[in-house]
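Have it open while you read.

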Amino acid sequence: MTEQRKIRVLIAKPGLDGHDRGAKIVARSLRDAGMEVIYTGLHQTPEMIVSAAIQEDVDAIGMSIMSGAHNVLMPVVVEGLAEKNAQDIAVFGGGIIPEDDIPDLKEKGIKAVFTPGTPTADIITWIKENISPK
Amino acid sequence: MISLDALLSRDVRAGARLLRWIDDGNAEARGLLKQLYPHTGKGTIIGITGNPGAGKSTLTDQLIHRYRKQGKSVAVVAVDPSSPFSGGALLGDRIRMQEHAVDDDVFIRSFATRGHLGGLTNTTTDVVHALDAMGWQIILIETVGVGQDEVEVQRLAHTTVVTMAPGLGDEIQAIKAGILEIADIFAVNKSDREGADRTVSELQMMLDIGYVSPAEQAHHGGSILLRDQRQERVCPQGWVPHIVKTIATTGDGVDELMTALAEHTQAFQNACQDESFGRARQRQEFLDVFRRALFERGWSYLMHEDHLNQILDQLLDGSADPYTLAEEAVKTLYRL
């Protein structure tokens, strides 16, 4: 068969904040970088994100959180993936996240955190260097 | 490795990975498809197509609800376009199907067209075979938003629902070929909007003119309607498309749509008893698989030992024309 492997990424907005512009801009940028992006919309629970990621067989999940709930929600997604034996799916995040919280998030399995002002090109580069399609 | 047992017991991880392999053209997928094929044929396959913004995703979401109420498991194949420039895609059909995200009896998978025209992807047939074999009872295929000629879904689906929004008016007359011809059921969605009744009556008029009555068909001795050889349509004898008004956002009219779907499923199953009907369906499916096998064979030849580059060299230095080169390549291919 003519093989054509693509990086697939789920972009999700967990929690209750409705500020989805960042997520949409990232989704659009990844599309323009040749990736297949599944965008699930607002108000996702960690359970919904894990389930969608597995059904879509994505290579990575990017979460955008502006509400301050990142310390809770992001690690729960990582744990949920591990429970479903899907720890091969990389998790990264962005949004309003204080620098002080980042080391702890990384320790809990969040592979990268992109704070406000990050050029989208940096996110694309990080994905291309760290994620390969299955 | 994916085990056949995991697939047949509807393991989500295994199934999702197989679909990835199918979509990516991974060589291992074909072996599994061969093993899965004997388990196909149990699922009900429904295509949802229509213009962009007509409400396909929202209507699909309503159908998931209804089929889940009947206790049936539902798999959704949602197709969105790839960017012709970057090759990337933004797949957003899940947004309107949120409530089913954690229901184990609902499986939703988004696909990008990856340059394939026709409303589906190049591998949707294989994807549907896999889901059918895995035991999903209802398989809903949501096409990309289509214009007039993206009619592939009707070859794959048992029942095709064409979703339309009001306001097309006279345009129906102009576009009555193409997607309007593939409907088993028309869902005139957003029917609380002005112009819905007009759309319904325009469709009705189109059907009155365009459909051969069952009596006439019997007179001509045909049990199936055949159009041209490539885009032939195989549908149960005597079926005249139903028109249903829906409001997908509220669920109005969805019960009527379910009734129409059940009636068509019955008609389809009855028609399947007829050998010529089954044969015509098989023909369509086989030709799809065969076409892809041929292309893959040709492609691997072109990629082998730099054949394609040699051809391009000859074209660039003007020593040959593309028609002759293509003919020669095909001849060589068949001798191999």
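Which helix gives the most to the lining of the largest pocket?

1. That would be α11(B), with nine residues. Ground rules: this is a predicted model, where local features need pLDDT of at least 70, side-chain atom pairs count only at pLDDT 80 or more, and totals for chains, interfaces and linings use all residues. Residues are numbered from 1 along each chain as its sequence is written, chains are lettered from A in the order in which they are written, and side-chain values use heavy atoms, without hydrogens and water.

2. The largest pocket has a volume of about 790 Å³. Its lining counts 31 residues, with N122(B), T123(B), D126(B), R292(B) and E296(B) nearest the centre. Domain 1 (4-273) and domain 2 (292-335) of chain B both give residues to this lining, so the pocket lies between them.

3. By class, the lining of the largest pocket has nine nonpolar, eleven polar and eleven charged residues. The second largest pocket holds about 510 Å³ of space. It is lined by 21 residues, and G41(B), H158(B), F268(B), C272(B) and E285(B) are the closest to its centre. Its lining has six nonpolar, eleven polar and four charged residues.

4. Now look at G34(A), in the loop between α1 (21-32) and β2 (36-39) of chain A. At 15% relative accessibility, G34(A) counts as buried (under 20% relative accessible area, 1.4 Å probe, protein chains only). Leaving out residues up to four places away in sequence, G34(A) touches K6(A), S86(B), G87(B) and G88(B) (heavy atoms within 4.5 Å).

Definitions and conventions: Helix = DSSP H or I, 4+ residues; strand = E, 2+ residues; numbered from the N terminus. Buried < 20%, exposed > 50% of the residue type's maximum accessible area, 1.4 Å probe, protein only. 1 Å grid on protein atoms, 1.4 Å probe; cavity = no way out; pocket = protein on both sides within 12 Å on 5 of 7 lines; lining within 4 Å. Points joined across faces, edges and corners; volume = space filled by probe spheres on them. Nonpolar A, V, L, I, M, F, W, Y, C, P; charged D, E, K, R; others polar. Domains from an automatic or database assignment.
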